[in-house]
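Welcome! Please take a moment to look over the sequence and the 3D view before reading on.

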Amino acid sequence: MTTLLTSVTASQRLDSRGKPTVQVEVRTVDGTFRAIVPSGASKGDYEAVEKRDGGKAFGGNGVLEAVKNVGEIIGPALIAQRFDLGMGLKELDYFMVGLDGSSDKSNLGANAILGVSMACARACAAAKNIPLYEFLARETRLRRQGFVMPVPFLNVLNGGVHSGNPMAFQEFMIAPTGASSFAQGIQWAAEVYQELKSIVAKTFGKAAIGIGDEGGFAPPISQPHEALDLIMAAVKSAGYEGRFKIGIDPASTEFFTEGEYDLGFKSGEPRKLSSTQLMELFQGLVGKYPIALLEDPFAQDDWDSWSAFNKICKGSAVELVGDDLLATNIRRIDKASKADACNSLLLKVNQIGTVSEAISAAERAYELGWSVFVSHRSGETTDDFIADLAVGIGCGHLKSGAPCRGERVAKYNRLMDIEEELEAKKTSCSYAGEAFRYAHTNTKG
Ligand code: 2PG
Ligand code: MG
């Protein structure tokens with residue numbers, strides 16, 4: 001029996017920053033399937049283009065044109081094509097890429113196309129009567145022995161363009177690599193988060209416990225080592241010394257101007273570093289703290305610094321993740337591979353605009369011997385798609401912000417559901433733990 005789309009509609013809804021975003025609803029004989037699209041603040045130049053209306057409403061951020069594109073162009077075209085959702089998602093996704101016709105989805109809008117792609121992925125899973133993570137696993141070329149639960153990297157201190165404090169670096173993440181299950185990792189991380197809250201309140205006063213866009217605290221600090229000292233103190237007082245690793249995303253593109261990195265960009269008092277000085281700063285931090293992951297340490301076009309730093313990091317355990325650098329785009333991944341610029345792909349579905357292209361990007365990264373780190377956006381919704389995606393592609397780690405705020409915990413809660421479901425079904429399932437970078441290699445080939 002073929003499973004056809006019978007209706008495809010979209011609406012304008014709000015994201016976690018109160019900005020409009022696209023919600024898509026598709027129908028098949030199996031039911032109604034929804035998805036809501038996320039949106040970034042520290043966006044790179046090489047991302048697929050979100051369509052925004054301009055004008056007065058919502059400060060120009062409305063998405064009614066994208067909504068209209070779903071209802072009047074994409075939906076009717078998909079229905080007319082009579083795709084069989086039981087056959088998978090690829091054909092449908094690449095049809096939308098062709099329908100848009102641009103290289104960056106600027107005609108129909110990546111926010112329009114992605115909403116349809118995600119909702120259709122859910123419809124495809126239902127057509128096969130399997131969970132979304134299992135459907136996404138079957139969409140990859142990997143044939144794994146079992147499922148691997150990712151290590152959560154929780155952004156507990158927010159800076160950069162995600163908060164109002166003077167801290168230039170955007171994200172300080174804690175990763176419970178020493179836990180024995182995903183649920184235990186989340187418990188430990190939530191306990192550390194509460195300890196951190198008390199430490200921040202004691203050190204800076206109660207007014208400092210307000211949080212940033214991704215649910216982490218944003219105390220009045222500006223030096224990376226101050227953030228790391230607070231985190232290490234919280235891990236210690238929660239009783240988990242040695243069982244957490246740290247990840248940092250400075251989001252360096254945001255403060256790169258005229259060949260220099262201005263760590264004072266938020267305070268108005270310039271604190272400019274050359275890329276060599278910034279590299280030394282990272283090396284100092286890596287030597288002192290248990291840092292396992294650095295994302296976007298340099299700006300999206302500062303190729304020489306990326307390549308030089310990757311050389312320095314060879315042989316160390318530090319994962320160098322390209323976010324703005326790669327934009328979940330195979331062309332950028334290939335360029336980075338030629339330049340030997342990094343060893344890991346940050347995977348954000350809305351940077352490329354379809355689920356199938358995001359999966360292809362992950363496969364290319366794996367082929368290169370890299371790891372893959374699945375990510376939310378700072379503007380999120382309670383849509384938990386990326387939880388299933390991280391399990392489906394077996395990437396071993398994901399970031400979804402702090403263990404706080406509904407749109408952040410929705411993903412962690414879904415992952416705990418998946419872990420319980422796999423245990424109940426007695427399906428082989430392990431927690432990635434210390435080996436999070438290599439979870440995907442647990443394959444049958
Ligand atoms: C990042 C992300 C998500 P944004 O830089 O990695 O944490 O932020 O969505 O604002 O680009
Ligand atoms: Mg980033």
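UniProt positions are given here in the numbering used for this structure, and annotations may be inferred rather than shown by experiment. Keep in mind, too, that this is a predicted model.

In an unreviewed entry, it lists residues 146–439 as "domain: Enolase C-terminal TIM barrel".

## The closed barrel

Now follow the strands. Eight of them form a closed barrel in the order E5-E6-E7-E11-E12-E13-E14-E15, and their pairing is mixed. On average, neighbouring strands of this sheet are turned by 30 degrees against each other, direction ignored.

For a look at one pair, find strand E12 at residues 319–322 and strand E13 at residues 344–347. These two pair in the parallel sense over two bridges. Gly-322 stands opposite Leu-345 in E13.

How many bridges link E8 and strand E9? E8 and E9 (residues 260–262) pair over two bridges, in the antiparallel sense. Within this sheet, Phe-256 stands opposite Tyr-261 in E9.

## Around ligand 1

Finally, turn to the ligand. Which residues are closest to ligand 1? Of the 16 residues that surround ligand 1, the closest are Ala-41, Glu-171, Glu-214, Ser-378 and Lys-399. By type, the shell around ligand 1 divides into two nonpolar, six polar and eight charged residues.

Several side chains reach oxygen atoms of the ligand. A polar side-chain atom of Gln-170 lies 2.9 Å from an oxygen atom of ligand 1, and a polar side-chain atom of Glu-295 also lies 2.9 Å from an oxygen atom of ligand 1. For Arg-377, an N or O atom in the side chain is 2.7 Å from an oxygen atom of ligand 1. On its own, ligand 1 has 310 Å² of accessible area, and the protein covers 99% of that area.

Methods:
Residues numbered from 1 in each chain as written. Chains lettered and ligands numbered in written order. Predicted model: local features only at pLDDT ≥ 70, side-chain atom pairs only at ≥ 80, totals over all residues. Heavy atoms only, no water. Pairing = 2+ DSSP bridges. Helix = DSSP H or I, 4+ residues; strand = E, 2+ residues; numbered from the N terminus. Axes fitted to C-alpha atoms, helices over the stretch in contact; angles between N-to-C directions. Near = heavy atom within 4 Å. Polar contact = N/O pair within 3.5 Å; in protein donor to acceptor, adjacent residues only side chain to side chain. Areas by Shrake-Rupley, 256 points an atom, 1.4 Å probe, with all protein chains shown as cover. Nonpolar A, V, L, I, M, F, W, Y, C, P; charged D, E, K, R; others polar.
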